[in-house]
Amino acid sequence: MEKFKVDKHGYYGKFGGAYIPEMLHKNIEELQNKYLDIIYAPAFQKEFHQLLKDYVGRPTPLYFAKRLSEKYATNIFLKREDLCHTGAHKVNNTIGQILLAQKLGKKRIIAETGAGQHGVATATVCALMNLPCVVYMGEVDIARQAPNVQRMKMLGAEVRPATSGSKTLKDATNEAMRDWIAHPEDTHYIIGSVVGPHPFPDMVARFQSIISEEIRWQLKEQTGSELPNYVIACVGGGSNAAGAFYHFLDDETVQLIAVEAAGEGIHSGKSAATTALGKPGVLHSSKTLFMQTDDGQVVEPHSISAGLDYPGIGPIHAHLFDVGRAKFLSATDEQALDAVLELSRLEGIIPALESAHAFAILSEIGVKKDDTVVINLSGRGDKDLDTYLKRIAL
Amino acid sequence: MTNRIQQLFKQKENNILSVFITAGYPTVEALPEILKALQSNGVDMVEIGMPFSDPTADGPVIQHSNTIAINNGMTIKLLFEQLKDIRKDIHIPLVLMGYINPALQFGFDNFLASAKDCGIDGVIIPDLPMYEYEHIYGNLFKKHDLQNIFLITPQTSNERIQKIDQISNSFIYVVSTHAITGANIDLEAQQVAYFDRIKTLNLRNPTVIGFGIKDKDTLAFAHKNANGAIIGSAFVKVLENRQNISETVADFIQQLQ
């Protein structure tokens, strides 16, 4: 992880940085100065890994998907992040950040959420650590991810609707930033993806890197080699992809494939395919690729999947795209829904809509019979049942 | 050469009144008329907001005005067209205020060049931090002889305030509280210590307090504690749905006296 590592000012190549208003300077500077020392302190690592094991249920299995492999005539392994406590990989990061918040002496937690998975994961760790929790969620997402809203409430969190703009993830992120600006001293903002000002993208990637750390030794156990031919993950902001790619970045024989949400089609005007439609600019305090007008106004994205309904990608992904280290593909709403049903019927696993995007491109990448393909199954589909029942003919 | 901002603070020193208005709001062509009305009612300086879809450091009132302005078709390009001949009528200092992304898409060098051509005196970009200013953008400000105006907050350390003072050449924007614009706060109770701390630093640049200034009392309090004050949300709010701009501006400024 040398070549693709963030530099000390938070840049991945030309992307990243910390374009924050002065109101957040002290908080961000404190995080920048302390995050590595805090999270690599032996006591922190011990507590973090203990919780990942006993509370989250790690390591998550690396499962050889026999029938799916047969269908695509290759060897497909699923990294079962869907089996994490709370139902997705998001909890890896929230466990790490809540421990960090405690070390910083913070008394209150805020978060943004799209699909609600990060909100649930944040509400969960706040219950665990007895800290008050406010989760910002777009009004549109509150409606389409109702079960997760109820879960957050069950866990004791307050869910505040974001009512501006597209009323989705980007607007929830704006509201959370505003809250942090208004409460800089007592509050820690647990950002859920590899987005935001430095050091958030790097910190979240490090917490999620447990995914690829486990894939390597699990693959070695099962195939004799640590290195697959492909690692595939969906990308909204890109936290599960960052985690799944992290320990393979320097092994350039491993093809990294990021799958964005094409919505109703890349050029339909209702899409979230950032690398196809985006340009460099500054969104949510970092320089990255995102969808915007010629005048630099953020374009409202669309995806059937709330977790991918974000106009940008994290700066690490913008860099991987820019230098060609990762290949970026996209899947439409329909393709994702087809992939949901396929995985359900072939493997008895109902994936989250987000994760289904990663499966939807399997026929496009030219996999061979002897290839080893790892797909990060980032979350389970319970939260999406309403959508599935409406959209899939059973 | 001294710029208009420096001249203003040299001539007047105290009780400077600056007003913020979003370009393209309430109607797309309202700006020139608003500027004239503000000037003729004795306002000393105006900050012209460049609308952005995601203004994370602003509160609901200014965000709403940004949305309306964008829907009205306001862009940086159009703004410069509206400001092209503005110096025929307006002699008070004008400052552009907005988020960095639209300026980046316009081309930052080109943005500053066009601003200078229109007679703009300074620029406030809340999400352009000091590190990026010093390493990337500072030279462009120098090239075009434009002032970059930095914000400080109650959390900004003395050391950092002094550094900002060193690299500033117009005024320092003192954010009154941990807040987003338009916050309803009890200035007096919380802020005296912070303002006193700033006074003890004997800064070479004048200070202007913004955020939470909305009426006669808060303005007087800000004037007691700094060289000037900026009114933003309170003014933006009164302009919504108003037909007669010059009357509205006159009434608003009068009730501050």
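In this predicted model, the side chains of A:Glu264 and A:Lys270 come together in a salt bridge, with 3.7 Å from N to O. How open to the surroundings are the two partners? A:Glu264 is partly exposed, with a relative accessible area of 49%. A:Lys270 is partly exposed too, with a value of 38%. For A:Glu264, the label follows from the cut-offs: exposed needs over 50% and buried needs under 20%, so a residue in between is called partly exposed.

Take A:Glu70, which forms a salt bridge with A:Lys66, the closest N and O atoms being 3.3 Å apart. Where do A:Glu70 and A:Lys66 lie? Both belong to helix H3 of chain A, residues 66–72, and they are four residues apart, about one turn of the helix. A:Glu70 is exposed, because its relative accessible area is 51% and the label exposed starts over 50%.

B:Lys77 and B:Glu81 meet through their side chains in a salt bridge, at 3.9 Å from N to O. Here the helix is H4 of chain B, residues 76–83, and once again the spacing is four residues, about one turn of the helix. B:Lys77 counts as exposed at 54% relative accessibility, whereas B:Glu81, with 48%, is partly exposed.

Salt bridges can also join up. In chain A, a network of them links A:Arg58, A:Lys79, A:Glu81 and A:Glu214.

Now for the overall layout of chain A. This chain is divided into domain 1, made of 19–51 + 90–204, and domain 2, made of 57–88 + 209–391. Their contact takes 35 residues from domain 1 of chain A and 38 residues from domain 2 of chain A. The C-alpha centres of these two domains lie 22 Å apart. Between them, domain 1 and domain 2 of chain A bury about 2800 Å², and 57% of that is on carbon and sulfur atoms.

What kinds of polar links run between the two domains? The count is one salt bridge between domain 1 and domain 2 of chain A. A:Asp309 and A:Arg144 form a salt bridge in which the closest N and O atoms are 2.7 Å apart. Polar contacts between the two domains of chain A come to 15 residue pairs, both members at pLDDT 80 or more. On the side of domain 1 of chain A that touches domain 2, several helices each supply at least two residues, among them helix H4 (90–103), helix H5 (117–129) and helix H8 (169–182). Which helix gives the most to that side? H8(A) does, with five residues. Sorted by type, the residues on this side of domain 1 of chain A divide into 14 nonpolar, 15 polar and six charged.

Between chain B and chain A, the count is two salt bridges. B:Asp54 forms a salt bridge with A:Lys170, the closest N and O atoms being 2.8 Å apart.

B:Ile136 is found in helix H7 of chain B, residues 130–143. What does B:Ile136 touch, leaving aside its neighbours within four places in sequence? Its contacts are A:Tyr11 and A:Tyr19. B:Ile136 is partly exposed, with a relative accessible area of 40%.

Terms used
Residues are numbered from 1 along each chain as its sequence is written. Chains are lettered from A and ligands numbered from 1 in the order in which they are written. This is a predicted model: local features need pLDDT of at least 70, side-chain atom pairs count only at pLDDT 80 or more; totals for chains, interfaces and linings use all residues. Side-chain values use heavy atoms; hydrogens and water are left out. Domain bounds come from an automatic or database domain assignment. Contact means heavy atoms within 4.5 Å. Buried area is the accessible area (1.4 Å probe) that two parts lose on being put together, summed over both. A salt bridge is a side-chain nitrogen of Lys or Arg within 4 Å of a carboxyl oxygen of Asp or Glu. A polar contact is a pair of N or O atoms within 3.5 Å; within protein, one must be able to donate a hydrogen and the other to accept it, and residues adjacent in sequence count only if both atoms are side-chain atoms. Ala, Val, Leu, Ile, Met, Phe, Trp, Tyr, Cys and Pro count as nonpolar, Asp, Glu, Lys and Arg as charged, and the others, Gly among them, as polar. Buried means under 20% relative accessible area, exposed over 50%, partly exposed in between (1.4 Å probe, protein chains only).
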